[in-house]
Amino acid sequence: MAALVGALVIAAPGARAQTAPAASAPPEAPAVELYSAADAQAVLNARILALKTVTALTPEQEKLWLPVEAAIRAVAKQSAERRAERAKAPQPADFVDILDRIADAEALRARDLKTVTVVLKPLVASLTPEQQRRIPAFLGLREGFGLPQPTAEIWLFEEEN
């Protein structure tokens with residue numbers, strides 16, 4: 001047993017020396033942005049197409065789709081713009097400043113969400129119950145209506161997070 005402990009004590013410094021970074025090692029390369037604006041646009045296009053496809057609109061319902069798609073695109077664009085503005089903003093001074101910023105963000109998301117719901121209502125009213133049932137999951141809503149649903153979890157606002 002003593003021999004085993006002695007071997008470990010002797011080998012341990014060498015093992016640590018092998019894993020320790022060399023002093024002359026080059027600094028880490030800067031992080032590369034892996035998710036570009038073009039990627040975000042492609043994902044938005046795919047989600048909109050998926051939502052429209054899974055809803056299986058009739059020709060009459062199709063007429064009500066255009067304002068919905070336009071509103072979704074506008075909201076996603078505004079969300080991305082807010083994220084860019086927030087990235088340039090100075091660090092919050094304290095927790096009250098953080099709470100104030102959260103309140104402002106939620107108010108803007110609420111306004112944008114109202115824009116979508118206004119144009120969505122006529123479309124949803126024209127849908128069958130089966131078509132309506134397919135929409136919530138594609139928007140990123142949680143199961144179970146009535147539960148709290150933070151707006152940041154809805155993919156319309158994904159670029160803002």
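This is a predicted model: local features need pLDDT of at least 70, side-chain atom pairs count only at pLDDT 80 or more; totals for chains, interfaces and linings use all residues.
Contact here means heavy atoms within 4.5 Å.

Helix H3 spans residues 59-88 and helix H4 spans residues 95-126; their axes come within 8 Å and cross at roughly 170°. Angles over 145 degrees count as roughly antiparallel, so H3 is roughly antiparallel to H4. The crossing in which H3 passes H4 is left-handed.

On the H3 side, the contact is formed by Gln61, Leu64, Trp65, Pro67, Val68, Ala71, Ile72, Val75, Gln78 and Arg82. They meet Leu108, Arg109, Arg111, Asp112, Thr115, Val116, Val119, Leu120, Pro122, Leu123 and Ser126 of H4. Sorted by class, the contact of H3 with H4 comprises 13 nonpolar, four polar and four charged residues.

| Residue | Relative accessible area |
|---|---|
| Asp112 | 1% |
| Leu127 | 6% |

Asp112 belongs to helix H4 and is buried. With neighbours within four places in sequence left aside, Asp112 is in contact with Val75, Gln78, Arg82 and Phe157. Of these partners, Val75, Gln78 and Arg82 are among the H3 residues that meet H4.

Leu127 is located in the loop between H4 and helix H5 (129-139), and Leu127 is likewise buried. Leaving aside neighbours within four places in sequence, its contacts are Thr55, Leu57, Gln61, Gln132 and Ile135. The C-alpha atoms of Leu127 and Gln61 are separated by 7.4 Å, although the two residues are 66 residues apart along the chain.

How values were computed. Residues are numbered from 1 along each chain as its sequence is written. Side-chain values use heavy atoms; hydrogens and water are left out. Axes are lines fitted to C-alpha atoms, for helices over the stretch in contact, and angles run from 0 to 180 degrees between N-to-C directions. Helices (H or I, at least four residues) and strands (E, at least two) are DSSP runs, numbered from the N terminus. Angles under 35 degrees count as roughly parallel, over 145 as roughly antiparallel, 65 to 115 as roughly perpendicular and the rest as oblique. A crossing is left-handed if the near helix is turned anticlockwise from the far one by less than a right angle, and right-handed if clockwise. Ala, Val, Leu, Ile, Met, Phe, Trp, Tyr, Cys and Pro count as nonpolar, Asp, Glu, Lys and Arg as charged, and the others, Gly among them, as polar. Buried means under 20% relative accessible area, exposed over 50%, partly exposed in between (1.4 Å probe, protein chains only).
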